Amino acid sequence: MCLSSVVRILLVSGVFLMSGAISKPQDLTGSYIEDPFRQMEEILPTPTATRTASGAPGPGYWQQRADYKIEVELDDEKQRILGSERIRYQNLSPHTLTYLWLQLEPNLFQPNSDATLSETSPSFESLSFSAVRRLLAQKTFEGGVKLTKVGESQGNELNYRVVKTMLRVDLPQPLAPEQKFDLHIDWNYQIPDQSLMGGRSGYEYFEEDKNYLYEIAQWFPRMAAYSDATGWQHKQFLGRGEFTLELGNYEVAITVPSDHIVAATGVLKNPTEVLSNEQQDRFTQAKTAEKPVFIVTPEEAKKNEASRSKQKKTWKFSAKNVRDFAFASSRKFIWDAQGHPLDDRTVMAMSFYPNEGEPLWSQYSTRSIIHTINVYSKFTFDYPYPVAISVNGPVYGMEYPMICFNGPRPEDDGTYSKRTKYGLISVIIHEVGHNWFPMIVNSDERQWTWMDEGLNTFLQYLAEQEWEEDYPSWRGEPENIVTYMRSSDQVPIMTNSESILQFGNNAYGKPATGLNILRETILGRELFDLAFKEYANRWKFKRPMPADLFRTMEDASGIDLDWFWRGWFYTTFHTDIAIEKVELYQINTKDPEIENPKKKEREEETKQNISKERNQELPKFIEQYPELRDFYNEFDEYAVTDADREAYQKFLKGLEEKEKAVLERTENFYVLHLKNLGGLVMPILLQIEYEDDTEEMIRIPAEIWVRNPKSIKKLLITDKAVRQLEIDPKRETADTDRSNNYYPPRIVPTRFELFKRKTQKNEMQKAKEAEEKANKKKQETASTEKEEKAEAEE
């Protein structure tokens, strides 16, 4: 259907125009920001010497530091942690401190923790065995940290108070700026069964070989963060809002059964004491290998499973400039490694997994680590640490500096589904990627989940797309967020971690998709990549806040994005831009030889109706009495007369040459009536299909909505006739209703499934069927007994 199917006369700005319109009524619903382009200074924190208006750290920027020396023993018999730590805390703030706050996350597993007591009831309409076991275990598991010493390094005891998942330690004297304080803490706690208690840490028990696999995290009292933005970040740990920590150096000695293999944050400092000569040689070979090399082979791991050594070994690790430390330990571990050159150094990519992870893990884990390092380094900064580790265990996906826990495994027979394969690759990319956000770009996870999960999910999407063509990415594509965007049960991205609804979509999917839209549609790849890399480099090994990201992206790109941050991050509006109607205007030449036939044609079109069509066959009275005909029966009001021609010539004489040139133009003036039904302002991506089968793409910036965020008119001037218009043909903006993206409207096909209704048996039929089955079984039993008796008599 051509858009110019209806025509009428209009006079616009002194020029006669013909107009065609096909109206498509559409109600405007929903709420709107009064001014979506209002600048965000009133929302964002006031810039200071610590955090500047450009989004960069200022000359007065500071952050605290905490260095740790830890000795820990893993009790494989009782599944306990016994630890002793010495913390050197450096007060680099301009403030004098009289007490310190530390985090005790294992207290989350106490029966009376806020997390347990505030948990709402599950639905008992359908409850799994594991869910019931977990509910019962929460009542009996003696979780939580047992502090046995809190004192100075010299041995003096300190006053302290445990406040749920936090520990306040009173200082013997105020800690002035630039001063240090050494803290000594001894503790122990029971390691939870991860399958029962859930969480980010715990053990997995293998019934078949009676072994344990431990993934240990949030296991030691850690300094809470103290910053210019929040002071002490001691918001209680409820399970969702993760961790806000200080950077520092770690020296950690981990004592385990001598047949255990340990993976941990940092570099192994005593390989000659814990590895065999052959394993040390393999590790050396792996540094320059072109594919992963087994340090501990599957056969050796299988042999270890049968071992029950009573001896112990201590593995010593050193990690520089990290915010946390995690480790994994088991006698079941296979260990493979491959050195990956990065600039003038080698990063050791390594994987630890039981035989239950094969053949999937040896094929994909270490290679996924290397791929992640390459892609993330390209878009941010080079991976700065010497090792990157992926561990298979009970935790599906969790990240720590230089080490992460990933859960997907094949079936018992070694086969695996497509979902499992790509689930493993994706979760490794995601968790290794967390080294950049938040381990290095050290955001406040306790407050803003999206600042690490959303940014990391965005980079995960980029890495997945560079893995192979048509990689089945779950998040990142605008089309994948549409269902969530039009849902009602949601809150803005800028919501505290514990208050988020639809957690995955809100904190992972929506911010990742928003950044993808910024990159592909609003800024373009080159400008976005430049600005995003600037943000990452400005804030590596520092603690950014949301405003620092928003301001840096604008500062480095030179583009005002306040409308985007305001709409995408601070509201729950969605994209739904509709073409309400289109009007066609053409210049009226005033030439009666041209215009009168067109007028006559339009009038005849408007006179066409069903009654007139059927009445043509009726005998007419005037045909019986032709003398009734007069002048008006033959008069043609659109016939061109000499008077019309003279009037036209007179009109032309009154025009200047440039005005006559305008009158001769033949362009089509299309006025598009567009409505913003979703409330979220977005660029208008308009694809035009012309009658000559050519196409054109026009990308209209979001600023077109600046004067009216609800409804606008857009003029399109072309010398071609338009056949069809389509908004967002490549699905770039997460438009939630594509049915109103077309003009003329298009029927959007949907398929539905048929099913055959099952006939339910009544109670009498069920009883009769049961009786027949019982009689049949009785007959079969009697027959069997008869045969056995006959055989006995023979």
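This is a predicted model: local features need pLDDT of at least 70, side-chain atom pairs count only at pLDDT 80 or more; totals for chains, interfaces and linings use all residues.

Trainee: Which order do the strands of the open sheet of six strands have, and with what pairing?

Mentor: Strands of a sheet pair through backbone hydrogen bonds, either parallel or antiparallel. Here the order is E18-E21-E22-E23-E25-E24, and the pairing is mixed. Two strands pair if DSSP finds at least two bridges between them; helices (H or I, at least four residues) and strands (E, at least two) are DSSP runs, numbered from the N terminus. Strand E18 (293-296) and strand E24 (397-400) are the edge strands, each having a single partner strand, so one side of each lacks a neighbour in the sheet. Neighbouring strands of this sheet are turned against each other by 20 degrees on average, direction ignored.

Trainee: In which sense do E23 and E25 pair, and over how many bridges?

Mentor: Strand E23 (residues 387-392) and strand E25 (residues 403-406) pair in the parallel sense, over four bridges. Ser390 has Cys404 as its bridge partner in E25.

Trainee: Which helix lies across E18, E21 and E22?

Mentor: Helix H5 (residues 277-286) does so, running at about 150 degrees to E18. Axes are lines fitted to C-alpha atoms, for helices over the stretch in contact (heavy atoms within 4.5 Å), and angles run from 0 to 180 degrees between N-to-C directions. Helix H7 (residues 360-379) also packs on the sheet, touching E18, E21, E22, E23 and E25; the direction of H7 makes about 145 degrees with that of E22.

Trainee: Where is Pro359, and what kind of peptide bond joins Glu358 and Pro359?

Mentor: Pro359 is in the loop between E22 and H7. The bond joining Glu358 and Pro359 is cis, with omega of about 5 degrees. A cis peptide bond also joins Phe437 and Pro438, with omega of about 15 degrees; Pro438 is placed in helix H9 (residues 435-440).

Trainee: What is the order of the open sheet of four strands?

Mentor: The order is E10-E11-E20-E16, and the pairing is antiparallel. Strand E10 (202-206) and strand E16 (261-264) stand at the edges with a single partner strand each, so one side of each is without a neighbour in the sheet. Within this sheet, strand E11 (residues 211-216) and strand E20 (residues 327-330) pair over four bridges, and Ile216 has Phe327 as its bridge partner in E20.

Trainee: At what angle do H10 and H13 pack?

Mentor: Helix H10 (residues 450-465) and helix H13 (residues 525-539) pack at about 140 degrees, with their axes 14 Å apart. That makes H10 oblique to H13: angles under 35 degrees count as roughly parallel, over 145 as roughly antiparallel, 65 to 115 as roughly perpendicular and the rest as oblique. The contact is made by Met451, Leu455, Phe458 and Leu459 of H10 with Phe528, Phe532 and Tyr535 of H13.

Trainee: How many helices and strands does the protein chain have?

Mentor: The secondary structure of the protein chain comes to 22 helices and 32 strands.

Methods:
Residues are numbered from 1 along each chain as its sequence is written. Side-chain values use heavy atoms; hydrogens and water are left out.
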